[in-house]
Protein chains: 2
Amino acid sequence: MNIEMIRAAAQRLEGQARRTPLLSSPFLDEIAGRRLWVKPECLQHTGSFKFRGAYNALASMDEQVRKRGVIAFSSGNHAQGVALAARMHGVPAVIIMPADSPALKLANTADLGAEVITYDRATEDRDEIGERLSAERGLTLVKPFDEPQVIAGQGTCGLEIAQQAAEQGIETADVIVCCGGGGLTSGIALALEAEAPGLRVRPAEPAGFDDVARSLQSGGIERNAQTSGNICDAIITPQPGNITFPIMKRLCGPGLVVTEEEALAAMGQAFNRIKLVAEPGAAVALAAALYRADQIAGEDVIVTISGGNVDPAMFARALATL
Amino acid sequence: MNIEMIRAAAQRLEGQARRTPLLSSPFLDEIAGRRLWVKPECLQHTGSFKFRGAYNALASMDEQVRKRGVIAFSSGNHAQGVALAARMHGVPAVIIMPADSPALKLANTADLGAEVITYDRATEDRDEIGERLSAERGLTLVKPFDEPQVIAGQGTCGLEIAQQAAEQGIETADVIVCCGGGGLTSGIALALEAEAPGLRVRPAEPAGFDDVARSLQSGGIERNAQTSGNICDAIITPQPGNITFPIMKRLCGPGLVVTEEEALAAMGQAFNRIKLVAEPGAAVALAAALYRADQIAGEDVIVTISGGNVDPAMFARALATL
């Protein structure tokens, strides 16, 4: 994993992924107590940053391998990213999703042309299903985060942040990133190390699922006690990745942890102040900037809103916080 | 009014207004039956395109005049645009708003540092209030649409559309613009005439308030029978402007008219598919592209989402359409 892989990913994504803007609002600045900048990856194709990594993974595959098709496990955003990237490359995609994934994510993945196979989280082994299908059809697994070309694709978001921060005259700041397995977090961290060393990445997670924050603190990989039962479904993973964690350990500042209620309130502020739809797991970085301001230093803070794939009923809960 | 005024406005707005992206979604394409492109001015400062015209109006004023301050009448989006533009120029702003304006728009205008004066639409004469204050304090009126420098500022949105369409290889298309008094519509039309003559502007309005569509049809200025009682408050005006109408008559194609229910459904689609918050009056162009496809020709259609300042209760009504 190195910066050259991220730069190569940026070339592959040129004209394919969207360059998302860097947004701000005086009202958010006031709550945060400093200038707050939002990188809205909810505006990326398929409604989350996951398209970047998925597209780069497919684009960098050997053509003969890619032609046989790809397979992915995902509760939703990675699924949609892989589905669209496969469609753009004209190859089949099989996506294995928990049966209790948000309805919108299940429907979108199928509508993007992927074959969706659901499984019961409690009684079925998704790895077994995946291995059987891969063997039968010669499919290549696209991992959601612990995969160099996926990390490189997510890192292109960091290249954009570096350039956009420079345009705003921001030389030092914490860059808070919504963190599940650490693909986006480690990718952005590598990009900033090379392009904007005054910007430091800090992962944000929901309380009770703060495996990365605890791992950074202890110095070794820590696991979550549970892997479900939180509205931030997009960033709930058992533990940080074997590739992503050493990068985060070397480059990231301390993790930030917020409650579900704070994630919902941050969704409400994103609606109200910057007119963006954030999903709960994608609002934890904004929540940290708004409601953990005492744990942040400096005149500027940058946050990712990493996705916007949220069902109307959940969004109504966010509106109710206003 | 000419293209040089719009180009001059673009120079004044450089680094002050946001260059909004051009977004799309395969799901919206499918409903529209063609490629659908969204220009999201809800992501502009203050949550609507109005900031462009307001900033340009203030920036192009004589400095001695500007220093005394500005005054504006507005139910909300123009108010916020003028308030922020005045704050950025360090001059006072007085905004006269109907007492029944959306709560968010009233609060935001005051929070942006303007002095907000409310009046009762039924019993008070806003012009009389405005003239008295202007005379007392030497304030300069910034009209919401029928003012050349305001139209020139809104036209900068059209310069961006021309460039972004060219980047996507779009040479001919209808550009549907949410239309009240016609400031944005005529400004974009002038910009496209010069920069992208294959793109034709068409105004979109709510049923029962289609003064511009009827005026374009009859060739003379037609009035609405009423000026309230529609959820699309941002684009309800008595009639097209004396400056804007001749421009629209010369350059625009036929108007498109949608129902309140269709505007709400389009807000739901904007939430679901491109993760944007649209207010009702800013969703009529998208609604026309989605639900009046038979009145549109060509492989591409471009629409503005002109603002996103909507109260949570109204947004909940849009979510309920999904």
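How many residues of chain A are in contact with how many residues of chain B? Select both chains: 30 residues of chain A are in contact with 30 residues of chain B, contact meaning heavy atoms within 4.5 Å.

This is a predicted model: local features need pLDDT of at least 70, side-chain atom pairs count only at pLDDT 80 or more, and totals for chains, interfaces and linings use all residues. Residues are numbered from 1 along each chain as its sequence is written, chains are lettered from A and ligands numbered from 1 in the order in which they are written, and side-chain values use heavy atoms, with hydrogens and water left out.

**Stop 1: the interface**

Stay with chains A and B. The area buried between them is about 2400 Å², and carbon and sulfur atoms give 68% of this area. Buried area is the accessible area (1.4 Å probe) that two parts lose on being put together, summed over both. Between chain A and chain B the count of salt bridges is zero. A salt bridge here is a side-chain nitrogen of Lys or Arg within 4 Å of a carboxyl oxygen of Asp or Glu. Over all chains the count comes to 34.

**Stop 2: a salt bridge in chain A**

Select A:Arg121 and A:Asp100. They form a salt bridge, with the closest N and O atoms 2.9 Å apart. A:Arg121 lies in the loop between β4 (115-119) and α7 (126-137) of chain A, and A:Asp100 in the loop between β3 (93-98) and α6 (103-111) of chain A, so the pair ties together parts 21 residues apart in sequence. Helices (H or I, at least four residues) and strands (E, at least two) are DSSP runs, numbered from the N terminus.

**Stop 3: two helices in chain A**

Select α1 (residues 3-13) and α8 (residues 148-167) of chain A. They pack at an angle of about 75 degrees, with axes 8 Å apart. That makes α1(A) roughly perpendicular to α8(A), a label for angles of 65 to 115 degrees. Axes are lines fitted to C-alpha atoms, for helices over the stretch in contact, and angles run from 0 to 180 degrees between N-to-C directions.

**Stop 4: the sheet in chain B**

Select β1, β9, β6, β7 and β8 of chain B. In that order the five strands form an open, parallel sheet; two strands pair if DSSP finds at least two bridges between them. β1 (35-40) and β8 (256-258) of chain B stand at the edges, each with a single partner strand, so one side of each is left without a neighbour in the sheet.

Now zoom to β6 (residues 173-178) and β9 (residues 300-305) of chain B: three bridges join these parallel strands. B:Asp174 stands opposite B:Val301 in β9(B).

Definitions and conventions: Angles under 35 degrees count as roughly parallel, over 145 as roughly antiparallel, 65 to 115 as roughly perpendicular and the rest as oblique.
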